[in-house]
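Hello,

Here is the structure I promised to hand over. Please open it beside this email and follow along.

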Amino acid sequence: MSTRMNGAEMVISALEREHVQYVFGLPGATVIPVYDALLGAPFTHVLARHEQGACHAADGYARASGRVGVVFATSGPGATNLVTGIANAHMDSIPLVIFTGQVATSSIGTDAFQEADIYGSSLPLVKHSFLVRDVSELPRIVKGAFQIAATGRPGPVLIDLPVDVQYQVGEFDYPETVRFPGYDPETRQDLTRLHEAVDALNGAERPVILAGGGAIAGGAAEILRELAVTAQIPVATTLMGKGVFPEDHPLALGMLGMHGTPRANHAVSEADLIMAVGTRFSNRSTGTDGGFAQSATVVHVDIDSAELDKNVHADIALKGNATKVLRLLADKVDSNRDHSSWRTRIESWPYPGTETDEEALTPQRLLAEIQKRHSPEGVLTTEVGQHQMWSALFWRSRAPRTFITSGGLGTMGFGLPSAVGAAFARPGEPVVCISGDGSFLMNAQELDTCLRYHLPVKVVVMNNAGLGMVRQWQQLFWDERYAHTCEECPLDIERIARGYGVPARKVQSLDELEGAADWAFAEEGPVVLDCRIERNANVFPMVPPGYGLQAYLRCEEDVSS
């Protein structure tokens, strides 16, 4: 049964039909009708302090919850402020539906006040975009946007909504489903070579499972663990796959790649079979010398055919949902294979420990103290930089959707707002955000959002008074020419946080850390710990750019030699 209402009311009614719980946004002139219709809505609007922050918050919510994140923004600068957040979600395959206000349809193309072609600008960065020209199109478009965002390989979908369409009145008849010519991801699987994959898996002497973000998006954690344990196959993950397999499990190899564990990198390099699940084989994962896993048969499972044979040749390609494909493999895998000699060889390679005898305030000790106090399945978000890689190495993720980071785009400023979204996805649970001083300043305004909504976000800043990752590259590969990475800065992060009304402490030594960490987790709302680490601390191991995974560096001496 249809109901007459205006376009703005249709948006709110459609979100109710989609069982949306939270919308993240910032109002402006061309979305006033939608915001007016929000009054009395059965879901919560979360007011961010910057549109990029709103988009990252919706992204963090989607990653932590497995649901579609929703964003509102106004036209012009409001919409263009979303671009980095949209690109970030696109690179990491995160489902978002983004509503942007637009000038009236009669003014499009006239350079009207706060007009920007966000529809055209976003096309390379989204799974799909819509420009609504008539209110009669709106129910079908919103339904289609949610379908496209969440099905197949997830991704962001943008709906550009002119202000006059928001005022138009029409019949609201919300469809149960929408069909788009050429888009039918649920039926377009290709498992014709499944028997070859089973034979290869059962015949392998040195198998490794490599799990990426697609294994998490596909809900494959449980069946992946079953397959690994049944066949006793070690599991490495990409950065985006952290948490899909518990990293305290004996079969866990940790993360592979440029800053991966030697155990993961060596195992993948010496494997005779790699079962890759939901990974796009990015250059940060594979190295860049063209020699990735040359002695291995690669079985690649992915829902997106564009990823098969794109960066690494797939000897056996299986197109389909990760859970469904792994279920079929697990039913046929040989549980009597003996991989004990392979596992003994793997265990001879080092795996970064979480403890150290050093008395300094090192990133390793800092992360160990924070993890002791955090829930075993609690969410950690990171910004981007050295602290991100330290977290990837030393934080033991035990469950999917608990390690939230910007993988493909590497967006500084992502961690804090994504922690906001994760806190809404996991109400009442503390969320830890590991940050660097450079990244912290990118979206520090979202501390205000944390305080207004009394979110238990614990921001831990690894403050090395510089842009640490770039400084590391300058030290190792640019003859120590530190161009604009080690500028003296008078800012005080503790005072910045307190200026927002957020309790904060400065931690300058290991002796101060334990008490400060206890205090941070005892506080009910947001807190900031400004932890002063050694400026010249570097992330090791590290595979130099242009090298393969086995050419890892353990310390500065390796570089000089």
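This is a predicted model: local features need pLDDT of at least 70, side-chain atom pairs count only at pLDDT 80 or more; totals for chains, interfaces and linings use all residues.

Start with the helix pair. Helix α16 spans residues 363-373, and helix α17 spans residues 386-394. Their axes come within 10 Å and cross at roughly 60°. That angle makes α16 oblique to α17. The crossing is right-handed. On the α16 side, the contact uses Pro363, Gln364, Leu367 and Gln371. On the α17 side, Trp390, Ser391 and Phe394 meet them. Four of the contact residues are nonpolar, three are polar and none is charged.

Next, the cores. The largest nonpolar core has 48 residues. Which of them touch the most other members? They are Phe24, Leu96, Phe424, Leu447, Val457, Val459 and Val528. Take Val457 and set aside its neighbours within four places in sequence. Valine 457 is then in contact with Leu416, Ala419, Ala423, Val431, Cys450, Gly525, Pro526 and Val527. There is also a second, separate core of 39 residues. Tyr35, Ala145, Phe146 and Leu161 are among them.

Last, phenylalanine 180. Where is it found? Phenylalanine 180 lies in the loop between β8 (169-172) and α9 (194-203). Is phenylalanine 180 buried or exposed? Its relative accessible area is 15%, so phenylalanine 180 is buried; the cut-off for buried is under 20%. Not counting residues up to four places away in sequence, phenylalanine 180 touches Phe130, Arg140, Gly144 and Ile148. Leucine 308 is 128 residues apart from phenylalanine 180 along the chain, and their C-alpha atoms are separated by 24 Å.

Best wishes

Technical notes. Residues are numbered from 1 along each chain as its sequence is written. Side-chain values use heavy atoms; hydrogens and water are left out. Axes are lines fitted to C-alpha atoms, for helices over the stretch in contact, and angles run from 0 to 180 degrees between N-to-C directions. Helices (H or I, at least four residues) and strands (E, at least two) are DSSP runs, numbered from the N terminus. Angles under 35 degrees count as roughly parallel, over 145 as roughly antiparallel, 65 to 115 as roughly perpendicular and the rest as oblique. A crossing is left-handed if the near helix is turned anticlockwise from the far one by less than a right angle, and right-handed if clockwise. Contact means heavy atoms within 4.5 Å. Ala, Val, Leu, Ile, Met, Phe, Trp, Tyr, Cys and Pro count as nonpolar, Asp, Glu, Lys and Arg as charged, and the others, Gly among them, as polar. A nonpolar core is a set of buried Ala, Val, Leu, Ile, Met, Phe, Trp, Tyr and Cys residues joined through side-chain atoms within 4.5 Å. Buried means under 20% relative accessible area, exposed over 50%, partly exposed in between (1.4 Å probe, protein chains only).
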